[in-house]
Amino acid sequence: MKEVGSRIDQPNTLFERVGEILKKYGAEEFLHGDNEECQKGREAYFEYFFIIGFKRLSGKDWWILQPKERFPDLLLISFTENPLSMEVLQYEHVMIPDHYKGVAEMVQNVTNKIEKKKYDTGGPCGLLVFSNNANSKTFEEKLYQTLDEIHPFTEVWTTSLEFSDSVTIKKVIVSKVRPLPVIRFEFDFNDPSLYTYQTPPTCMEQVEEGGIKFLRVKEEARNEFKKEAIRRRLRGYRGS
């Protein structure tokens, strides 16, 4: 239950981080450059649009947890109230570099990530594939057709951008590739509804530490989550 005491952020904080990097380097370098800061910014960019697609599919608001551990790459939490409950999901991601031109090479990058995953993330974990490449559409179609074994991951998603030129984004495409069936979302990049802030549930509060404002689960809600975790364990013992 350590997650509920962690810092929680709006998905839009990813976009705020992107804005700072974009201002520093410009659109061309941010979207296509090899600079490490730009690469990290692109990962945040794609994470944001994945969350938007996942929100549309699940019908829930998702918030970003900020754990201290190195893994996973992305940790999401959602709340329901009356009765109070929460759901925590974790994801790792792989970025298809801009310079990868061969579709087979791009698919291999994904299968390598799956096959070489040897460490335990402590529970079910999804894989996010971010494709920032002129061949993204062909690559995703091939991945839909050929991806077979995804274990130890439990699901695979792709997120890609469609450009009208090298720096002008027209669409964002988010797809759930596995498990089947494939579900695909397309978003108009200029749709203002994609960038609205979520309304925090009543179990959360805004706090400030070191001049930084963020969200956290209220103490009484944290206590209730802990009690529920104990009740679930007790029910498990009685059923064994």
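The following conversation sets values from this predicted model against the cut-offs behind each label.

Trainee: What makes F189 and Y195 an aromatic pair, and why is it called edge-to-face?

Mentor: The ring centres of F189 and Y195 lie 6.2 Å apart, and the cut-off for a pair is 6.5 Å. The angle between the planes is 75°, and planes over 60 degrees apart count as edge-to-face.

Trainee: Are F189 and Y195 buried or partly exposed?

Mentor: F189 has a relative accessible area of 16%, and buried means under 20%, so F189 is buried. Y195 has 22%, which lies between the limits of 20% and 50%, so Y195 is partly exposed. The structure holds 20 aromatic pairs. F189 and Y195 also belong to one aromatic cluster with F15, F30, Y45, Y48 and F49.

Trainee: Which residues have the most contacts inside the largest nonpolar core?

Mentor: They are Y45, F50, I51, L74, L76 and Y91, in a core of 32 residues. Helix α3, residues 36–58, gives the most to this core, with 10 residues. Leaving aside neighbours within four places in sequence, Y45 is in contact with F15, V18, F30, L31, L161, I169 and F189. Apart from this core lies another, of 18 residues, including V107, V110, L127 and L143.

Trainee: How do you know that K55 and D61 meet in a salt bridge?

Mentor: Their side chains come to 3.1 Å, N to O. The limit is 4 Å between a side-chain nitrogen of Lys or Arg and a carboxyl oxygen of Asp or Glu, so the pair qualifies. K55, at 27% relative accessibility, is partly exposed, and D61, at 28%, is partly exposed as well. A search of the whole structure finds 9 salt bridges.

Trainee: What makes E92 and K113 a salt bridge, and which parts of the chain does the pair link?

Mentor: The closest N and O atoms of E92 and K113 are 3.5 Å apart, and this is within 4 Å, so the name applies. E92 is in strand β4, residues 85–96, and K113 is in helix α4, residues 103–115; the two residues are 21 apart, and the pair links distant parts of the chain. E92 has 0% relative accessibility, which is under 20%, so E92 counts as buried. K113, at 22%, is partly exposed.

Trainee: How do you know that K171 and E186 form a salt bridge?

Mentor: The closest N and O atoms are 3.1 Å apart, and the limit is 4 Å, so K171 and E186 form a salt bridge. The pair links strand β7, where K171 lies, with strand β8, where E186 lies. Salt bridges that share partners join K171, R184 and E186 into one network.

Trainee: Why are the buried residues of helix α5 said to be on the same side?

Mentor: The buried residues of α5, which spans residues 136–146, are S136, F139, E140, L143 and Y144. They cover an arc of only 140° around the axis, therefore they lie on the same side of α5. On the other side, K137 and Q145 are exposed.

Trainee: Which elements do the buried residues of α5 pack against?

Mentor: They pack against β4, α4, β5, β6, β7 and β8.

Technical notes: Residues numbered from 1 in each chain as written. Predicted model: local features only at pLDDT ≥ 70, side-chain atom pairs only at ≥ 80, totals over all residues. Heavy atoms only, no water. Core = buried A, V, L, I, M, F, W, Y, C linked by side-chain atoms within 4.5 Å. Buried < 20%, exposed > 50% of the residue type's maximum accessible area, 1.4 Å probe, protein only. Helix = DSSP H or I, 4+ residues; strand = E, 2+ residues; numbered from the N terminus. Contact = heavy atoms within 4.5 Å. Phe/Tyr/Trp six-rings, centres within 6.5 Å; stacked < 30°, edge-to-face > 60°. Arc of directions from axis to C-beta.
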